[in-house]
Amino acid sequence: MAFDYDLFVIGGGSGGVRAARVAAQDGAKVALAEEDRYGGTCVIRGCVPKKLMVFASEYAGVVEDAKSYGWAIEPGQFDWDVFRGRLNDELDRLENVYRNLLKNSGVETFDQRAHLEDAHTVVLADGTKKTAKHILLATGGRPVKPGVPGDELGITSNDIFHLDELPESILIVGGGYIASEFAGILNGLGVDVTQYYRGAQILRGFDDEARGLVSEEMCQRGVNLHLGTDIIDLQQEGDKIRVRATNGKEALFDKVMFATGRAPNTEGLGLAEVGVELGRKGEVVVDDYSQTAVPSIYAIGDVTDRVNLTPVAIREGMAFVETVFKGNPTKPDHDLIPTAIFTQPEMGTVGLSEEDARDQEPIEVYATSFKPMQQSFAGRSERVLMKLVVSQKTRKVLGCHIVAPGAGEMIQLAGIAVKMGATKEDFDRTVAVHPTMSEELVTMKTPVRTG
Ligand code: FAD
């Protein structure tokens, strides 16, 4: 049977664009449908605008510190309109880059929603039908609100970049990385930030000591963090939102932002009807090669809810192209993925937390927490953490956890060593770079804990 295309990709985000582009460059006839903006979550409402907001929010502190270094300067006012205008221009520019990448690789694009009719047929919103030998689902995910009464009054991370003005006060509900990052960002921009999280500590799943330090430092910097606290309901009261919480408190906020979870975009795609298996959260179930229960249909990125990060979606897309178009079956590698959490302070992590490693085998823990030179000179009391979790048996570094300014940059490089299977002695053999914070990673001599 002759198909219109070799590959039809649904979703023009991180994973979909990469897979479409690489397959087309390899000679495949490829089409892609995107219902919103090209670049997807990461470029339009995730990593990129968020990181630019992190940068924006750090300048107030930088100006303060500069005074301690002898600069005669005073912080001015942050102008949200100026920043938002420049942010929007940058996102427009990036969206164009993504469109051009597709165009220049020969991918045909449809600016429409798409759904499936059968194992080889895609239906566009205008009713046009297109057939393809392979279909790739790369539809990503979306934020979900918690379903409490009045939650329509709250916003999500999708809305935060479009606010007409910065609120004076905000309640952020959630304890994951998105909630905690925006708590730091808005706090840095001068918003009065309260964060409610129902669990015992933010950043669940990460190393306890590292997340404990992040949480402590966030509070030091002014985030009003309430752990073990959930919301009961929200009510409009004049310009404000009244929030009742499980800790018995009632408080008024200008805005409430929910960062209470994300769901895969699988609704209305016709997946179950064509035989694609869905999991408990609605995610597309795939095998190690990203193939669904329907052999011609594959899925990559957040819609599969494996490891929801941009570089992972991209790698899954590349592995899919290797497997299907280059005759080289390739499993995306989900082991030892380094990640950064752009909280303030920042956290970088790769491998096992101390707790997970201890469950697995006897370990040694090397850790040091200290006041870094640059901030300490400026009179700040904040501390950083450098930590290695080491296998007693193999001496391999099982986990590396850094809480420090620039931790994301550091963990990318430490991640190479850990991925290569470096031992504690390999770290020790490496000469320190002095004076830096990360030199502590190669100078820790005695374990702080064993067992
Ligand atoms: P997406 O990028 O979500 O793209 C999916 C696309 O499909 C969207 O453009 C959507 O409009 C489109 N689509 C959906 N349904 C249809 C349909 N039926 N028809 C046509 N088009 C459709 N990751 C990191 O690595 N580092 C970070 O710092 C980071 N920060 C983040 C911050 C926030 C606030 C958020 C929300 C996410 C962040 N992420 C980060 C996660 C990252 O953005 C995602 O993992 C990544 O974008 C997933 O890529 P994807 O291709 O799977 O999906």
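**A predicted model and its ligand: group meeting presentation**

Good morning. I begin with a pair of residues: His-115 stands opposite Val-123 in β5. Strands here are DSSP runs of E with at least two residues, helices are runs of H or I with at least four, and both are numbered from the N terminus. The partner strand, β4 (residues 114-118), pairs with β5 (residues 121-124) in the antiparallel sense over four bridges. Two strands count as paired if DSSP finds at least two bridges between them. Together β4 and β5 make a hairpin, with two residues between them.

A word on the basis of these values. This is a predicted model, in which local features need pLDDT of at least 70 and side-chain atom pairs count only at pLDDT 80 or more, while totals for chains, interfaces and linings use all residues. Residues are numbered from 1 along each chain as its sequence is written, and side-chain values use heavy atoms, with hydrogens and water left out.

I turn now to the ligand. It is surrounded by 39 residues, of which the closest are Gly-15, Glu-34, Thr-41, Lys-50 and Asp-302; a residue is near if one of its heavy atoms lies within 4 Å. By type, this shell holds 14 nonpolar, 16 polar and nine charged residues. In that division Ala, Val, Leu, Ile, Met, Phe, Trp, Tyr, Cys and Pro are nonpolar, Asp, Glu, Lys and Arg are charged, and the others, Gly among them, are polar.

Which domains give residues to the shell around the ligand? Both domain 1 (5-143 + 263-325) and domain 2 (151-259) do, so the ligand lies between them. These bounds come from an automatic or database domain assignment.

At Ala-114, a backbone N or O atom lies 3.0 Å from a ligand nitrogen. A polar backbone atom of Ser-14 is 3.3 Å from an oxygen atom of the ligand, and for a backbone N or O atom of Cys-42 the distance to a ligand oxygen is 3.4 Å. Taken alone, the ligand exposes 1000 Å², and the protein buries 96% of that; the areas come from the Shrake-Rupley method with a 1.4 Å probe. The elements that give two or more residues to the shell are α1 (14-25), α2 (40-45), α3 (47-68), α6 (177-188) and α9 (310-325). Of these, α2 gives the most, with four residues.

Next, the open sheet. Five strands form it with parallel pairing, in the order β8-β15-β9-β10-β11. Its edge strands, β8 (155-156) and β11 (224-227), each pair on one side only. Within the sheet, five bridges join β9 (residues 169-173) to β10 (residues 192-197), and Ile-170 has Val-193 as its bridge partner in β10.

As for aromatic residues, the whole structure contains eight aromatic pairs. Trp-80 and Phe-83 form a tilted one, 6.0 Å centre to centre with 40° between the planes. Rings of Phe, Tyr and Trp (its six-membered ring) pair if their centres lie within 6.5 Å; planes under 30 degrees apart are stacked, over 60 edge-to-face, and the rest tilted. Both residues lie in helix α4 (residues 80-104), three residues apart, about one turn of the helix.

I close with the backbone. Most residues other than glycine have a negative phi, and most peptide bonds are trans. Leu-336, in the loop between α9 and β18, has a positive phi of about 55°. The peptide bond from Gln-344 to Pro-345 is cis, with omega near 10°. A cis bond also joins His-434 and Pro-435, with omega about -10°.

Key:
Polar contact = N/O pair within 3.5 Å; in protein donor to acceptor, adjacent residues only side chain to side chain.
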